[in-house]
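Hi,

Here is the structure I promised to pass on.

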Amino acid sequence: MSYSDSDSSSYGGDYKNFRQITRDRLLYEMLRSAKTGDSKSTWKVLIMDKLTVKIMSWSCKMADITEEGVSLVEDIYRRRQPLPSMDAIYFIQPSKENVIMFLSDMSGRSPLYKKAFVFFSSPISRELVAQVKRDSTVLPRIGALREMNLEYFPIDSQGFITDNERALEDLFGDDENTRRGDACLNVMASRIATVFASLRDFPFVRYRAAKSLDANTMTTFRDLIPTKLAAGIWNCLAKYKQSIPNFPQTETCELLVLDRSIDQIAPVIHEWTYDAMCHDLLSMEGNKYVHEVPSKTGGAPEKKEVMLEDHDPVWLELRHAHIADASERLHEKMTNFVSKNKAAQMQQRDGSELSTRDLQKMVQALPQYSEQIDKLSLHVEIAAKINRIIREMGLRELGQLQQDLVFGDAGMKEVIKFLTAKEDATREHKLRLLMILAAIYPEKFEGEKGLNLMKLAKLPMDDMNAVNNMRLLGGATETKKSTMSSFSLKFDMHKKKRAARKERTSEEETWQLSRFYPMIEELIEKLCKGELPKEDYPCMNDPSPSFHGTSQVLSSNPTSAAHSMRSRRTPTWARPRNSDDGYSSSDSVLRHESSDFKKLGNRIFVFIVGGATRSELRVCHKLTTKLRREVVLGSSSLDDPPQFITKLKLLTANELSLDDLQI
């Protein structure tokens, strides 16, 4: 089995980010490589399965695919029209079913296509290769048979998922099913390894060790999830070292394998950045937002779908900004636009008579004006809608209480007071508040105590499942207390209440409700500086001291409070706009990433089993700027709070219907 030996985009030429490399491999290493010999001028059919079509759609646009000579995209499992004069490119998983379908297409006297270029998304077994070679009618019709080793979804320029949507249920479920859990981890490990195959990066594989337990406590499957996954990734990488040309033989980056137990609060707390609020508060389907625009014929408003993605420069600039900061910037942009744009000024004149010359100027400026104003108007509308929801639902008060709980400034008394006074708070918001409380005070939910709290909040029993199932993510029972002093819950000597994160004092101004930060922020910084305890985060390939010595230089703002679980810091994404945090103006790092990334050090990868959050993805962008190293986040899925809560309920909700699980 040959591996495409074309130049990888990750080395040579301009430094490209994670998603750009993935896109380039699919377009140039796969699609363009099929333009050989007499097939250069002909159009081709691209055939994919359910998984690979998702990989392609996350990485490339249809226009990109067409530009590489693809005129038709087909599903391998659908009945297809024979096109014997055209070549076909197969991008498929190396499963027995897919190989059988491929052989059926290309064997016999009347194959569906003239020639087949076959690319597998991950390593194929010798048995299946032998099955292909046995068919003498198919063999001459194969133009290529390669392993692309690309089986992940690049959801962001610095983020990917392995599409294991049921990972939380399969791995953390109450009925520990070791066989199902191992199967889930094997698929996950294989897909994560293809990330390193694509980038031609060989990582130091570090992982969160099983929690230190006393002699009387048995280690459970859940305790060993990061250990098992790290071992699976390491096994795949060991094979790649032997089979992939130009694959590094020494370490070039770092990978830290964690699971959702590392931070139970991040998936449910309200995150106050523009991106997170859009997905949390608006009824979005993925990145698709539906809004109403005035009808061109003067009738009822028309619904229009827009994608909030990287191609929108306003979205790219504002997505990681605090909602208050984003709203202010949008207002300034609109004001500046109107003051500088004559057509906009004319458009603003209410009832004033326009001269012919004015109308002429307006028409001349209109095409550009229309495009600019559409983008700005869209985000002004979205921000206004979010701010209205925040006001109507009283989210500022709820958000303040959530963060006070996390930092030890509030406790049971304040939660009870809120639940008593705010009976009109939504079911979801009350549940999320209790889940944060349960993460910090698990003992308050034992037996009758938990039932009484749920009654006070007037929440149904299936919501109790979500709260109780927090214990399955680890750290909730007395017999399983972690001895990891650096990251365990701590009491502040001056506070009677418990804090899940400690604060750091800062004189710099921050936006309100920007205190919270995900746990991975401190973990990544410690990893970069070589300060992660080896006994708590061992390494599969015992690293030499020299590697950490070179990775420390690029860090700035050294953190203090070595024994805190979370420390107060000034979140740079929430600073006023005159700061140099990389997201404070349109002249951001992201807009100049191709030139900026050239100066970066070795990549850092963090993988979270059980779902990642938008706040964690935002932290990776922030730390890339701060640490001068590209930080890539991977996970089994990317979950917004409602999705995470639904998945959490399923851990013990075998008999519940989907209707019961709506929050």
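Before anything else, a word we'll need: two residues are in contact when heavy atoms of theirs lie within 4.5 Å. With that in hand, take the contacts in the chain whose separation is 6 or more: 81% of them are between residues 24 or more positions apart. Keep in mind that this is a predicted model.

Now the overall picture. The chain has 663 residues, and 55% of them are buried.

Two packed helices are described by the angle between their axes and the distance between the axes. Here the pair is helix 7 (residues 178-199) and helix 8 (residues 225-243), whose axes come within 8 Å and cross at roughly 45°. That angle makes helix 7 oblique to helix 8. The crossing of helix 7 over helix 8 is right-handed. If you want to find the contact on screen, helix 7 brings D182, L185, M188, A189, S190, I192, A193, T194, F196 and A197, while helix 8 brings I225, K228, L229, G232, I233, C236, L237 and Y240. Sorted by class, the contact between the two helices has 13 nonpolar, three polar and two charged residues.

Next, zoom in on T194, which sits in helix 7. Is T194 buried or exposed? It counts as buried, because its relative accessibility is 0% and the cut-off for buried is under 20%. A polar atom of the T194 side chain lies 2.6 Å from the backbone oxygen of R191. Setting aside neighbours within four places in sequence, T194 is in contact with S121, S122, N149, L150, E151, Y152 and Y240.

One of those partners of T194 is S122, so let's go there. S122 belongs to the loop between strand 4 (116-120) and helix 5 (126-134). With a relative accessible area of 6%, S122 is buried too. Which side chain does S122 join in a polar contact of 2.9 Å? That would be the side chain of E151. Not counting residues up to four places away in sequence, S122 touches P94, E147, N149, E151, S190 and T194.

R200 is not a glycine, yet it has a positive phi of about 55°. You'll find R200 in the loop between helix 7 and strand 8 (203-207). N246, also not a glycine, has a positive phi of about 65°. N246 is in the loop between helix 8 and strand 9 (253-259).

Last stop: T646, in helix 23 (residues 641-649). T646 is partly exposed, because its relative accessibility is 23% and that class covers values between the under 20% of buried and the over 50% of exposed. How far apart are T646 and D463 in sequence and in space? They are 183 residues apart in sequence and 9.4 Å apart in space, taken from C-alpha to C-alpha.

Happy browsing!

Key: Residues are numbered from 1 along each chain as its sequence is written. This is a predicted model: local features need pLDDT of at least 70, side-chain atom pairs count only at pLDDT 80 or more; totals for chains, interfaces and linings use all residues. Side-chain values use heavy atoms; hydrogens and water are left out. Helices (H or I, at least four residues) and strands (E, at least two) are DSSP runs, numbered from the N terminus. Buried means under 20% relative accessible area, exposed over 50%, partly exposed in between (1.4 Å probe, protein chains only). A polar contact is a pair of N or O atoms within 3.5 Å; within protein, one must be able to donate a hydrogen and the other to accept it, and residues adjacent in sequence count only if both atoms are side-chain atoms. Axes are lines fitted to C-alpha atoms, for helices over the stretch in contact, and angles run from 0 to 180 degrees between N-to-C directions. Angles under 35 degrees count as roughly parallel, over 145 as roughly antiparallel, 65 to 115 as roughly perpendicular and the rest as oblique. A crossing is left-handed if the near helix is turned anticlockwise from the far one by less than a right angle, and right-handed if clockwise. Ala, Val, Leu, Ile, Met, Phe, Trp, Tyr, Cys and Pro count as nonpolar, Asp, Glu, Lys and Arg as charged, and the others, Gly among them, as polar.
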